[in-house]
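Please have the picture open while I talk.

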Amino acid sequence: MSRVTVVCLAFLLVAPTPMVPSARAEHPTGEMVEGIACQKDPTQTYTLYLPPGYDPSQRWPVLLVFDPRGRSVLAAELFRDAAEEYGWIIISSNDTRSDGPMEPNVRAINALWPEVHLRLPIDTSRVYAAGFSGGAHLAYGLSKGTGELAGVVACGGRFFRDTLEDTSLALFGAAGTTDFNYRHMRTVDEFLEQQGNRHRLEIFEGTHTWMPPELARLAVEFLEIDAMRRGTRTRDDELIARLYGADMKVAEDLEESGNELAAMRRYRSIVTTFGGVWAVDEPERRAGRLEGSPEVKRAIKDEAKCDRYEARRVSEFEEVMADLRFAEDGEYANNLERDFRLSELQRRTEGDGCEAVTAQRLLDTAYTFTSFYLPRDFFEEGRYERAAASLEVAVSIRQDNPIIWYNLACARARAGDKKDAVEALAQSIDRGFRNLDHIESDADLESIRERDDYREVVRALREDDAPG
C-alpha cells in the first residue's frame with residue numbers, strides 16, 4: 001500500500017565516537033522539547049524527551065520515533081508515560097515521511113543517527129526505534145543497515161523480507177483490526193517466529209493508525225524484559241513478577257469472557273515475552289489446552305477462510321485499480337463502485353465474527369486507495385476524470401468526510417464537470433468544510449466561479465459564518 005521503497009540503510013553515517021557528556025542536562029527533563037536542530041544537519045529537527053531524574057553522567061536507553069507524516073510530538077506522546085517510568089530518552093523526528101521518495105527519510109536518519117551518539121549519553125546496547133506505516137519500514141531498514149538496534153516497535157507496517165531476515169532484534173508489532181496492513185503485520189510476526197526472533201503482535205480496535213498508549217507502554221515493557229534476558233539491563237524480579245501477573249490477568253479475563261482464541265494467543269505471547277527470565281510453564285500449559293479446544297480450532301478455521309477471501313478480494317481491487325491507472329482514455333470502466341463490489345462488502349459488515357471485520361477492513365482498504373493514493377497520482381498526472389471516478393468511490397464508502405467531498409469537487413471542476421463539482425462542494429460544506437478563504441482562492445475551482453449555483457453556495461456559507 002505504501003510507495004516508500006525500503007532499502008537497507010547501508011549508506012548511513014558510521015556512528016561517531018560519543019562525546020563526553022556535559023555536566024548538566026542541555027534541555028529540561030520530564031517534558032517534550034520541540035524543534036531541536038540536529039548538529040550535523042540543522043535543517044533536520046526533532047522533539048526530545050528526557051526522563052525525570054535524567055543525569056548526563058549515566059547511560060540511558062533511547063527510542064527513535066519515525067512518524068510517516070513527521071508528527072513528532074503526537075508520536076512521542078504515545079511513549080511518554082512508559083519513558084518516564086522506565087527512564088528512556090525519546091527522539092522523535094519531524095522529517096520522516098511515507099508515500100513518497102526515500103530522500104527525505106535518508107536525510108532525516110543520517111542527521112538523527114549521529115545526533116544520538118554525539119549529543120546524548122546513551123546506552124549503546126539499548127538503542128530502539130519505533131515507527132508507524134512507512135516509519136516502521138524505516139525502523140526495519142535502520143536495524144538492518146546499522147546492526148545496532150536492540151529492538152523495534154512496528155505499527156501498521158508492511159512485510160519486507162530483506163530488512164527482517166538474519167536479524168537478532170526483538171520486535172513488538174501492532175495493527176488495527178481494519179488496518180489495510182493488518183495481514184502484513186501478521187506475516188511479519190509469523191516470519192519472526194520462524195526465524196527465532198523475540199516477537200510479539202498485539203491487535204487493537206481501529207484502522208490504519210498508531211497504536212494506543214497502553215500498547216506503546218506494553219511495547220516498552222516487552223523491550224525491558226528482553227533487555228533483562230540479554231543482560232543489558234539489571235534484572236528486577238519484582239518488576240518481572242508485576243508485568244507477568246498483569247499479562248496473565250488479561251489472558252485469564254479473555255478466557256473467562258469466552259474469547260478463547262484471543263486468550264490462547266495472549267498466553268503464547270506471554271511465553272515468548274517472559275521465556276528465559278521467568279517460569280512460563282503455566283501460560284504454556286493453558287495455551288496448549290486452548291489450542292486443542294473445538295472452539296479455537298473452529299475459530300482458526302474461520303479465520304483462515306476469511307484470510308483467503310480477503311486475499312482474493314484484494315487481488316480483485318488491484319485489477320480494478322490497474323484498469324483505472326493504465327487503460328486508455330474512454331476504455332476504463334467508470335463504474336468503480338460496481339467493480340469494487342462494495343455492496344457485497346457492506347452487507348458482510350452487518351454480520352459478525354471475522355467475516356464482518358474482514359469486510360470492514362476491505363472497505364477501509366478500498367477507501368484508502370480511492371480517497372488518497374489514486375487521486376493523488378491522477379492529480380499529478382492531470383487525469384482529473386479518473387481522480388473524480390476514484391473519489392466518487394471514496395465518498396460512497398464514507399459519506400461524512402468533508403475533505404473527500406471537497407477533493408471530489410476539485411477533481412470534477414478540473415475535469416469540466418461543473419454542475420456536479422458545485423454539488424460536491426455543497427456536500428463538503430454541509431459536512432463541515434468551512435474554509436471560505438481557501439474555497440475562493442483554490443485554483444482547482446476556478447472553472448466554476450462564474451456559475452450562479454457556486455455563488456449561491458458561497459453566499460450561504462458566508463452568511464452562516466457571519467458574526468451575530
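Which side chain does Glu282 meet in a salt bridge? Its partner is Arg286, and the N to O distance is 2.7 Å. By salt bridge I mean a side-chain nitrogen of Lys or Arg within 4 Å of a carboxyl oxygen of Asp or Glu.

Before I go further, a word on where these values come from. This is a predicted model, in which local features need pLDDT of at least 70 and side-chain atom pairs count only at pLDDT 80 or more, while totals for chains, interfaces and linings use all residues. Residues are numbered from 1 along each chain as its sequence is written, and side-chain values use heavy atoms, with hydrogens and water left out.

Back to that pair. Glu282 and Arg286 both belong to helix α9, residues 281-291, where they are 4 residues apart, about one turn of the helix. When I say helix or strand, I mean DSSP runs numbered from the N terminus, H or I of at least four residues for helices and E of at least two for strands. Glu282 counts as partly exposed because its relative accessibility is 29%, whereas Arg286 is buried, since its relative accessible area is 18%. The cut-offs here are under 20% relative accessible area for buried, over 50% for exposed, and partly exposed in between, with a 1.4 Å probe and protein chains only; the areas themselves come from the Shrake-Rupley method, and for residues only the protein chains shown count as cover.

In general, side chains of opposite charge can pair when their charged atoms come close. The structure holds 49 salt bridges, and I will mention two others. Asp339 forms one with Arg338, with the closest N and O atoms 3.0 Å apart; Asp339 is partly exposed at 23% relative accessibility, while Arg338, at 51%, is exposed. Glu463 forms one with Arg459, where the closest N and O atoms are 2.6 Å apart. These two lie about one helical turn from each other, because they are 4 residues apart in helix α18, residues 452-464. There is also a network, in which salt bridges that share partners join Arg313, Glu316, Arg341, Glu344, Arg348 and Glu355.

Most residues other than glycine have a negative phi. Arg341, although not a glycine, has a positive phi of about 55 degrees, and it is found in the loop between α11 (336-339) and α12 (342-348). Ser133 likewise has a positive phi, near 55 degrees, and sits in the loop between β5 (122-132) and α3 (134-146). Are these two residues buried or exposed? Ser133 is buried, with a relative accessible area of 7%, whereas Arg341 is partly exposed at 31%.

Now to the strands. Two strands pair if DSSP finds at least two bridges between them, and β2 pairs in the antiparallel sense over 4 bridges with strand β1, residues 32-37, with Ala37 standing opposite Thr45.

Strand β2 also pairs in the antiparallel sense over 4 bridges with strand β4, residues 89-93, where Thr47 stands opposite Ser92 and Tyr49 has Ile90 as its bridge partner. In β4, too, both faces are covered, with Ile89, Ile91 and Ser93 buried on one side and Ile90 and Ser92 on the other. Strand β3, residues 60-66, pairs with β4 in the parallel sense over 4 bridges, and there Val65 has Ser92 as its bridge partner.

Last, the surface.

Lys301, Lys305, Arg308 and Arg312 gather in a patch of positive charge. Patches are made of residues with over 30% relative accessible area and no salt bridge, with like charges joined within 9 Å and nonpolar side chains (Val, Leu, Ile, Met, Phe, Trp, Tyr) within 5 Å. Lys and Arg count as positive and Asp and Glu as negative, while His and the chain ends are not counted; the place of a charge is taken as NZ of Lys, CZ of Arg, CG of Asp or CD of Glu. Lys305 is found in helix α10, residues 294-326, and counts as exposed because its relative accessibility is 58%.

A negative surface patch is formed by Glu385, Asp417, Asp420, Glu423 and Asp430. Helix α16, residues 418-430, gives the most to that patch, with 3 residues. Glu423 lies in helix α16 and is partly exposed, with a relative accessible area of 40%.

Notes:
Areas by Shrake-Rupley, 256 points an atom, 1.4 Å probe, with all protein chains shown as cover.
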